[in-house]
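Dear colleague,

Please find the structure below for your files. My notes on it follow directly after.

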Amino acid sequence: MASLISTVTLSNILLVVLLSSTAANAQLSANFYANSCPNLQTIVRNTMIRAVNRERRIGASILRLFFHDCFVNGCDASILLDDTATFTGEKNAAPNRNSARGFEVIDTIKTNVEAACNATVSCADILALAARSGVVLLGGPSWQVLLGRRDARTASQSAANSQIPSPFANLPALISSFAAKGLNARDLTALSGGHTIGFARCTTFRGRIYNDTNIDPNFAATRRANCPASGGDNNLAPLDALTPGRFGNNYYRDLVAQRGLLHSDQELFNGGSQDALVRTYSNNPATFSADFAAAMVRMGSISPLTGTSGEIRRNCRVVN
């Protein structure tokens, strides 16, 4: 399905040029694998094309994996580790249990990369590149992915439970959780725009559609039809009511219309400090795209393992 493969627009080219000159984590480099694995980005992109062609939603799922990885002890691929006898991983933490998905796609990319460049590319870098590809394939902006991360040798379910922002959080809590990772309120509002793609489970928005008052009543009634007051926890609804399979700014238009699906979504437009920025993004998709891309670079630079720290996993699910 060629329509899934976004053409590179002038704005995207300008974004890449702009971001390439932006100061980011000095230990990471866009050219880290230029000699050791020159075809890396093509391998990741081609594997993601096949995955998105099979299921558009997977682009959103991979983006969410990257977000949930970076917010727990940095972007170190700890979310990809299975439980072992010595530690409990992050896959079954509350924010990930029954919802984190796309692990098999990362496994496939890793297999393809290992075939070309054995024991060279980290799972953390593969996840960062795959997240960008998913966004671009769904019509979103591109950005320069800085590389050179290494993989964690352990994971933390307790950190995942405490550090990943909650869908039930209010605005001060959201701002605080992002600030703890070196991200500001503008980053919070831009990165939340990742909810322009993908779906959420009934259990994450039930309280919003039955209890919140800052919600369009018709929207609430529509969502209640597929999310009963009890039961149906895993029933899905689109985070962006208009175009859940296409990356754009309709998420912010939903917020202005009080049609945010999650309580934490609507907190961004509820008489608080982010209202003006939400309005800006709802009216100006180019501004949103530029801010989202820049925020993704900053998020991708949270506490990476580099140098001799961590390892290069052969299998993303287990330590070497």
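Contact here means heavy atoms within 4.5 Å. Leaving aside neighbours within four places in sequence, T306 is in contact with Q27, L28, G148 and R150. T306 lies in the segment after α14, and because its relative accessibility is 12%, it counts as buried (under 20% relative accessible area; over 50% is exposed and in between partly exposed, with a 1.4 Å probe and protein chains only).

The model is predicted: local features need pLDDT of at least 70 and side-chain atom pairs count only at pLDDT 80 or more, while totals for chains, interfaces and linings use all residues. Residues are numbered from 1 along each chain as its sequence is written, and side-chain values use heavy atoms, with hydrogens and water left out.

Helices are DSSP runs (H or I, at least four residues), numbered from the N terminus. In α3, 12 of the 14 residues are buried, so this helix is largely enclosed by the rest of the structure. Among the buried residues are I58, L63, F66, F67 and C70. Their cover includes α2 (40–54), α4 (103–116), α5 (123–137), α7 (171–179) and α14 (285–299).

Two of these covering helices, α2 and α5, also meet each other. Their axes (lines fitted to C-alpha atoms over the stretch in contact, with angles from 0 to 180 degrees between N-to-C directions) come within 9 Å and cross at roughly 50°. Residues in the contact include V44, M48 and I49 in α2 and L129, A130 and L137 in α5.

With kind regards

Methods:
Helices (H or I, at least four residues) and strands (E, at least two) are DSSP runs, numbered from the N terminus.
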